[in-house]
Amino acid sequence: MIKIDHLTKRYSDTLAVDDLDFEVKPGVVTGFLGPNGSGKSTTMRIILGLDHATKGQATVNGTRYAELRDPVRQVGALLDAKAIHPGRTARNHLRALAASNQIKKTRVDEVLDFVGISAVADKKVGTYSLGMSQRLGIAGALLGDPGILLFDEPVNGLDPEGIRWIREFFRALANEGRTVFVSSHLMSEMAVSADEIIVIGRGRFITSGSVDDLTKNAEGTVLVRASDHDKLATVVASNHGVVHDANDDGLTIGGLTSDQIGQLAFDAGIALFELTPQRASLEEVFMDLTAGAVEYGSHTTGPANG
Amino acid sequence: MASESTWTASTQAEWIKFRTVRSSIMGVAVTVLLTVGLGVLITTLIRTHWSQFGALRIATFDPVSSSLRGSLFAQFAVGVIGSLFITSEYTTGSIRTTLTAVPNRLRLIASKSIVLFFTILILGEFVCFAAFLIGQRIYLGVVPTASLENGTVLRSVILAGLYLTLLALFAFALGLILRHSASTISVYVSVLLIVPIIGLFFPQSWQNDFMRFEPSSLGISMESPFAPSNSFGAWSATFILLAYVVATLAIAFVLFQRRDAGTNQ
């Protein structure tokens, strides 16, 4: 279990994390979602004791990370796959990591085998592709068989096969009762790999919940094709509906349910050819939620990093 | 608090890290080459030119420090070893992995210092004894020689090795402050080479006072059986250099403890 307790981090003049307060529970994959520069990595670095909190604190299993005796056995982390000395071999890198937390040498071979890089374990890490480095980083995170795992943007640089592998792997870790905390700026990725999602923007908490809840609560729209679009638009407008989009394919109406629209059309004598509720995708929800919280958005097309 | 066993564990880990990168191995090879190789070259030149030496030069000749001269070049090699041991953690970003494995920063720096101290001490003593013994062998029969049975001579050779060790730690401390390989090595080289040159611009009366505090002068004092003129004695020089190293390490540690380690700057 990870607990973030009114955490604030200020770097000279920028507020990177602004009073974040949440918990990451065991047994599920928790996604940590936000645009680039929203404070996800900073939060993770503070959890791991790398950066100091300005205010508040982060604890793992009730203890501050810096006070853990054998952190590699309790928390496995993959922050930046390339943050390994390029001149050292994968095996030696893991051996040093194992030695630092009194983990048996044989465990090194086990994790190398598990992530599938045994064959290149004696090559220098500098020769690795990003995907291979990611696998080595995951091997390092698993080395101490920890109950808590943190991954910062783990799918970056992975090929489709690797992405599928890592999704199933997160699921398996969570099913074993572990706490799995995965950050991403890609909502599409979180939609398929996470159970619970915590959304932040500009260092601030925006919302959290299950993927289903987040999309359910979002305002859906209804696509309508009718005999008289102009007339329907007027009727909708006078009944607190909003026409988001109107073209030859039909009207996209918000603020009313499909039942209400059907009834209004019937009362007005308009024939309906199509009446389709459009469920908001997580991506749209995310865009809505973080619209005001994107640090480097492009103004013409809305939030970047979509 | 960390138990004894965790201190051993982090020191073992740092030892594995030290010996599994090429820069350490290269640094060790260059240290051997400079101390022993240059020692052989210098002592051979002295032997072949001995007959041309004047009376004064012969009267003040010191077979001990002349055979250890190579260590004054090797101080740059051990400086590179010491600084890279920490700056490579920052330039590669591996400091983040290191600190997640050993979040107790005092324990981490102590472990690294212990590994560096003992590795360079063994290396330094090995190369200095080798340079001394080979040098005396080359002098034999032509140039006066010194023997390790003489306590002062033994002290000089031992302190020459310790000088290299302390300088490696000094470079390590600078690296922990600056967190960047090139700037650390520049500052280190400046302290050893440029500072004495700056001293030359001082008035004569200040010059001697200033110069003898300079690390290279302290090194010459440490490896000479008799204190050179206007210099400290061997033990005083050792303690002054030790004080420099301890002070720099202390400053470096305080900064390390306060700084964020997740981002490079």
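# Close-up views of a predicted two-chain model

**Figure 1. A:Asp5 faces A:Gln57, a residue of strand β4(A).** The model is a predicted one, in which local features need pLDDT of at least 70 and side-chain atom pairs count only at pLDDT 80 or more, whereas totals for chains, interfaces and linings use all residues. Residues are numbered from 1 along each chain as its sequence is written, and chains are lettered from A and ligands numbered from 1 in the order in which they are written. Helices (H or I, at least four residues) and strands (E, at least two) are DSSP runs, numbered from the N terminus. Strand β1 (residues 2-11) of chain A is joined to β4(A) by five bridges, and the two run antiparallel. Two strands are said to pair if DSSP finds at least two bridges between them. The open sheet here has three strands of chain A in the order β2-β1-β4, with antiparallel pairing. Its edges are formed by β2 (14-24) and β4 (55-60) of chain A, each of which pairs on one side only. On average, neighbouring strands of this sheet are turned by 20° against each other, direction ignored. Helix α1 (residues 40-47) of chain A packs on the sheet and touches β1, β2 and β4 of chain A, its direction making about 115° with that of β1(A). Axes are lines fitted to C-alpha atoms, for helices over the stretch in contact, and angles run from 0 to 180 degrees between N-to-C directions. Two residues are in contact if their C-beta atoms, placed from the backbone, lie within 7 Å.

**Figure 2. Six strands of chain A form an open sheet with mixed pairing.** The strand order is β5-β6-β7-β3-β8-β9. At the edges stand β5 (75-78) and β9 (204-210) of chain A; each has a single partner strand, so one side of each lacks a neighbour in the sheet. Neighbouring strands of this sheet are turned by 15° against each other on average, direction ignored. Within the sheet, strand β6 (residues 148-152) and strand β7 (residues 179-184) of chain A pair in the parallel sense over five bridges. A:Thr179 in β7(A) is the bridge partner of A:Ile148. Helix α5 (residues 130-142) of chain A lies across β5 and β6 of chain A and runs at about 165° to β5(A). Helix α6 (residues 160-175) of chain A packs on the sheet, touching β3 (29-33), β6 and β7 of chain A, and its direction makes about 150° with that of β7(A).

**Figure 3. Helices α3 (residues 90-100) and α4 (residues 106-115) of chain A pack together.** Their angle is about 130° and their axes are 9 Å apart. This makes α3(A) oblique to α4(A); angles under 35 degrees count as roughly parallel, over 145 as roughly antiparallel, 65 to 115 as roughly perpendicular and the rest as oblique. Residues A:Ala90, A:Arg91, A:Leu94, A:Arg95 and A:Ala98 of α3(A) meet A:Arg107, A:Val108, A:Val111 and A:Leu112 of α4(A). Eleven of the eleven residues of α3(A) are buried, so the helix is largely enclosed by the rest of the structure. A residue is buried if 20 or more other C-beta atoms lie within 10 Å of its own, exposed if 12 or fewer, and partly exposed in between, with C-beta atoms placed from the backbone. After α3(A) comes A:Gln102, whose phi is positive, near 55°.

**Figure 4. The largest nonpolar core holds 133 residues.** A nonpolar core is a set of buried Ala, Val, Leu, Ile, Met, Phe, Trp, Tyr and Cys residues joined through C-beta atoms within 7 Å. A:Ala139, B:Ala168 and B:Ala173 touch the most other members. Helix α8 (residues 151-178) of chain B supplies the largest share of this core, 18 residues. Leaving aside neighbours within four places in sequence, B:Ala173 is in contact with B:Val245, B:Thr248, B:Leu249 and B:Ala252. A second, separate core has nine residues, among them A:Val222, A:Leu251, A:Ile253 and A:Ile261.

**Figure 5. A:Ser258 lies in helix α10 (residues 258-268) of chain A.** A:Ser258 counts as partly exposed because it has 18 C-beta neighbours inside 10 Å. Residues up to four places away in sequence not being counted, A:Ser258 touches A:Val222, A:Leu275 and A:Pro277.

**Figure 6. Chain A and chain B meet in a contact that takes 31 residues from chain A and 28 residues from chain B.** On the side of chain B that touches chain A, the elements giving two or more residues are α1 (4-19), α2 (22-49), α5 (71-92) and α6 (95-101) of chain B. The most comes from α1(B), with eight residues.
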